[in-house]
Amino acid sequence: MKVKLEDIIEAMEFANMETEYYYDTHNEKVLMLFDGMVDGEDNPELFEDIKEGFVEDYIPLPGQYDINEYRIMEEFIYELPVGKNQDVLARTIQGRGAFRRFKDKLYDLNLEKQWYQYREEAYEKIARQWSERHKIDIVE
């Protein structure tokens, strides 16, 4: 079995409460499940079978609950050089609205590019771990 790394990462980025992604082991491709549809096709039976795990040929990809975006933000902050930027960002992620404040402050501190590179590497690591766990080869 094989899958493109970019397909896994893209699915991880778009996964949310309504949209889930699965790897189809027979066709070796990533499928999107949303609103009773599978890859945009109306197929409520297959949709339910996949979500309930009745069909073993579909492996769930990491979703929003498997990807701890808050932890990734914390790790990013604590890998910055000790100083003002680290202190400001650490305070920014406390309490409600942390994600919005964090992104706004990244812009103010001119750290956006560095953050998105770090986040991309974190997602790639999660994708590779998922692939290894399920014995699926990654295509670069």
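1. Start with Met37, which sits opposite Asp42 in S5. This is a predicted model, where local features need pLDDT of at least 70 and side-chain atom pairs count only at pLDDT 80 or more, while totals for chains, interfaces and linings use all residues. Residues are numbered from 1 along each chain as its sequence is written, and side-chain values use heavy atoms, with hydrogens and water left out.

2. Strand S4 (residues 37-38) is joined to S5 by 2 bridges, and the two run antiparallel. Pairing here requires at least two DSSP bridges between strands; strands are DSSP E runs of at least two residues, and helices are H or I runs of at least four, numbered from the N terminus.

3. Zooming out, the sheet is open, with 5 strands in the order S5-S4-S3-S2-S6 and antiparallel pairing. S5 (41-42) and S6 (58-60) are the edge strands, each with a single partner, so one side of each has no neighbour in the sheet.

4. Now the helices: H3 (residues 69-79) and H4 (residues 84-92) pack at about 160°, axes 8 Å apart. They are therefore roughly antiparallel (angles over 145 degrees). Phe76, Ile77 and Tyr78 in H3 meet Gln86, Leu89 and Ala90 in H4 (contact means heavy atoms within 4.5 Å). The residues of this contact split into 5 nonpolar, 1 polar and no charged; Ala, Val, Leu, Ile, Met, Phe, Trp, Tyr, Cys and Pro count as nonpolar, Asp, Glu, Lys and Arg as charged, and the others, Gly among them, as polar.

5. Last, Ser131 in helix H6 (residues 112-133). Ser131 is buried at 2% relative accessible area (buried is under 20%, with a 1.4 Å probe and protein chains only). Leaving aside residues up to four places away in sequence, Ser131 touches Ile136, Asp137 and Ile138.

Note on methods:
Buried < 20%, exposed > 50% of the residue type's maximum accessible area, 1.4 Å probe, protein only. Axes fitted to C-alpha atoms, helices over the stretch in contact; angles between N-to-C directions. Parallel < 35°, antiparallel > 145°, perpendicular 65-115°, else oblique.
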